[in-house]
Amino acid sequence: MKHKTMMIMGAALLSLTMAGCSKLTQKGETVQAETPAAEVAKTVTVQVATATQGHIASYRSFGGDVVPHDTKSIIPTTSGEVKELLIEEGDVVKKDQVVARIDQSKAGMRYQPTEIKSPIDGTVSVVNTQLGAQAAIGQPIGTVISTDNLEIKFDVAERLLYAAKLGGKVDVSFDAFPGQVFRATIVKLGATLNTSTRTREVTIKLDDDGGQVISGMYARVNVLLDEADDAILVPSNAISGSAVFIARDGIAHKVPVKTGIEADGKVQILEGVDAGDQVVVAGISQLSDGTPVNVL
């Protein structure tokens, strides 16, 4: 009896097993089990910006000094005592204006004092003598600089020389005039390259300084390196290596790009992005091609 009962229980267990199997198979096809929730791709929250089309320009700033175009020494044509000194530092003088008189008289001999004149129009920057001093032929008694013909000199690195061309325009600003920008023209390029610094001296003249700029001032010169119109532009922080992520239909698509000019927090895209594309600018580190995204 016991043996018969065990056989009946075994048959029942086999029947249940077969029934379970029949639920997993329908017409010879296996029913796939549901994918565990942990295996579902994680959605990443990102921020995006719209790629735009417009103008972009790249500049490089250089430091320069305001210097006079002409600097001339006041040189006596005779030796003797300085009987009259008619100038002080800072005086504005005209060419051929008398600035001093020198008496070359000696004991027993009397001469008419010799007039010493300014060689150019300008401002007296240095006075090297005083009343009663002895002047000598060829020894300067002062210096005059031209203040109406000022220049700015600065050095440009060899690799950027392509941007400095005769006649080219640049922008200039000074600490003394906050918010003001002056236009200037490149008027001279150094004949040789400084082999120690690998730079070339560039000279510019202000188109119109309104009489405000004086010799010795420090100038910031902005030289245009490159520019483009109708350029596709994206924020600089959208660039990840040599690619960007474009958010489309809730998916992040990684797109290789070729970049151009970079300026003012924007980058020109030469290939890979069209105007209107939504490029990811925050959350990039969590993305790969095909990642589901939630756009803020």
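Is phenylalanine 182 buried or exposed? I began my notes with this residue and found phenylalanine 182 to be buried, because its relative accessibility is 5% and buried means under 20% relative accessible area, with exposed over 50% and partly exposed in between (1.4 Å probe, protein chains only).

Before going on, I noted that this is a predicted model, in which local features need pLDDT of at least 70, side-chain atom pairs count only at pLDDT 80 or more, and totals for chains, interfaces and linings use all residues. I also noted that residues are numbered from 1 along each chain as its sequence is written, and that side-chain values use heavy atoms, with hydrogens and water left out.

**Entry on the aromatic rings**

I looked up the aromatic pairs and found that the structure holds four; rings of Phe, Tyr and Trp (its six-membered ring) pair if their centres lie within 6.5 Å, and planes under 30 degrees apart count as stacked, over 60 as edge-to-face and the rest as tilted. In one of them, phenylalanine 174 and phenylalanine 182 have ring centres 5.5 Å apart and planes at 75°, so I recorded the pair as edge-to-face. Phenylalanine 182 also forms an edge-to-face pair with phenylalanine 177, at 6.0 Å centre to centre and with 65° between the planes. Phe174, Phe177 and Phe182 form one aromatic cluster; phenylalanine 174 is buried, and phenylalanine 177 is buried too, with a relative accessible area of 13%.

**Entry on the core**

The core has 25 residues, of which Ile152, Val172, Phe174 and Ile204 touch the most other members. Among the strands that each supply at least two residues of this core are E4 (52-68), E13 (150-157) and E17 (218-235); strands (E, at least two residues), like helices (H or I, at least four), are DSSP runs numbered from the N terminus. Leaving aside neighbours within four places in sequence, phenylalanine 174 is in contact (heavy atoms within 4.5 Å) with residues including Val66, Ile152, Phe182 and Leu206.

**Entry on two single residues**

Where does threonine 199 lie? I found threonine 199 in strand E16 (residues 199-206), buried at a relative accessible area of 14%. Its side chain is joined to that of threonine 197 by a polar contact of 2.6 Å, a polar contact being a pair of N or O atoms within 3.5 Å, where within protein one must be able to donate a hydrogen and the other to accept it, and residues adjacent in sequence count only if both atoms are side-chain atoms.

Arginine 248, by comparison, sits in strand E18 (residues 243-248) and counts as partly exposed at 40% relative accessibility. Not counting residues up to four places away in sequence, arginine 248 touches His253 and Asp277; the C-alpha atoms of arginine 248 and aspartate 277 are separated by 8.4 Å, although the two are 29 residues apart along the chain.

**Entry on strand pairing**

Last, I looked at an open sheet of four strands in the order E5-E12-E10-E7, with antiparallel pairing; two strands pair if DSSP finds at least two bridges between them. Strand E5 (71-74) and strand E7 (92-93) stand at the edges with a single partner strand each, so one side of each is left without a neighbour in the sheet.

Definitions and conventions: Core = buried A, V, L, I, M, F, W, Y, C linked by side-chain atoms within 4.5 Å.
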